[in-house]
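Work through the exercises below with the sequence and the model side by side. Each task is followed by a solution in steps.

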Amino acid sequence: HHARRDISASAVAAGLVAVLVSFGGTAVLMVQAGHAAGLDAARIGSWIGSLSLVLGLGGAFYSLRTGLPVVMAWSTPGAALLVTALAGVPFNEAVGAFVLAAGLTLACGLFGWIDPILRRIPGEVAAAMLAGVLLNFGMGIFSNINKQPALVLAMCAAYLLCRRLAPRYAVLVVMAVAVAMAAGMGLMQVDQLDWRLTEFVWTTPAFSAQAAVSLGIPLF
């Protein structure tokens, strides 16, 4: 009954924005990381597909169970880190590093270590780590302006304008502007899309010290 009463246009818009922000942009980074690591379409599809199922079902379960709007999502800086860190690491070792990062995070949650650890890491260091990962992407906007000046400048203008007038919908508006302009400029190659169900491919994790240090610990 609660769920039915809570469905409204603003709730749907808020959910859509949350998913687009937390999921859409990061999914693009994940695909980019997969290409950088030389993964085939089946592996990338399997990776994104299994994550989507877990995050979607997990979010729905916790939202219904607690009555709170819980969106399960991945870490955008984590995905940005993978674009450079995943190249050159065998995929089964990368999966092992993901398992290690997840295990460490789970242990912290179970034993109540998150608070003490976060208190010992200065906020500036955490912010600097985040900036180090995201700086390239921020700078990339400006270094790529010459490739599609109209598109990039229109997106920047839409973002700045919306931050002033309707900050909640800024990301949604930027996406709508980008899609509309890309379609108008003939950049959307929809005929190349091949719709089919995800085929899941199993990868057995392998553990290596190198992948743990270059991937597992930084992700954690």
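**Exercise 1.** Which helices do the buried residues of H2 pack against?

Solution. The model is predicted, so local features need pLDDT of at least 70 and side-chain atom pairs count only at pLDDT 80 or more, while totals for chains, interfaces and linings use all residues. Residues are numbered from 1 along each chain as its sequence is written, and side-chain values use heavy atoms, with hydrogens and water left out.

Step 1: Helices (H or I, at least four residues) and strands (E, at least two) are DSSP runs numbered from the N terminus. Buried means under 20% relative accessible area, exposed over 50%, and partly exposed in between, with a 1.4 Å probe and protein chains only. Contact means heavy atoms within 4.5 Å.

Step 2: list the buried residues of H2. They are Ala13, Val17, Ser22, Thr26, Ala27, Leu29, Met30, Ala33 and Gly34.

Step 3: name the partners. The buried residues of H2 pack against helix H3 (41-66), helix H4 (76-85), helix H7 (123-143) and H9.

**Exercise 2.** Describe how H2 and H9 pack.

Solution. Two packed helices are described by the angle between their axes and the distance between the axes.

Step 1: take both values. H2 (residues 9-36) and H9 (residues 170-184) meet at an angle of about 70 degrees, and their axes are 9 Å apart. Axes are lines fitted to C-alpha atoms, for helices over the stretch in contact, and angles run from 0 to 180 degrees between N-to-C directions.

Step 2: classify the angle. Under 35 degrees counts as roughly parallel, over 145 as roughly antiparallel, 65 to 115 as roughly perpendicular and the rest as oblique. H2 and H9 are therefore roughly perpendicular to each other.

Step 3: find the residues. H2 contributes Leu16, Val17, Leu20 and Val21 to the contact, and H9 contributes Val171, Leu172 and Met175. By class, this contact of H2 with H9 has seven nonpolar, no polar and no charged residues. Here Ala, Val, Leu, Ile, Met, Phe, Trp, Tyr, Cys and Pro count as nonpolar, Asp, Glu, Lys and Arg as charged, and the others, Gly among them, as polar.

**Exercise 3.** Check the length of H2, then find where H2 bends.

Solution. Step 1: compute the expected span, which is 1.5 Å times one less than the number of residues.

Step 1: locate the bend. H2 bends by about 35 degrees at Leu20; the bend is the angle between axes fitted to the seven residues ending there and the seven starting there.

Step 2: look past the end of the helix. Gly38 follows H2 and has a positive phi, near 75 degrees.

**Exercise 4.** Is Thr26 buried or exposed?

Solution. Thr26 lies in helix H2.

Step 1: read the area. Thr26 has a relative accessible area of 1%, so Thr26 is buried.

Step 2: list its contacts. Leaving out residues up to four places away in sequence, Thr26 touches Val21, Trp74, Ser75, Thr76 and Ala79.

**Exercise 5.** How many residues of H4 are buried?

Solution. Step 1: count. Seven of the ten residues of H4 are buried, and H4 is mostly covered.

Step 1: name the partners. The buried residues of H4 pack against H2, H3, H5, H7 and helix H10 (209-219).
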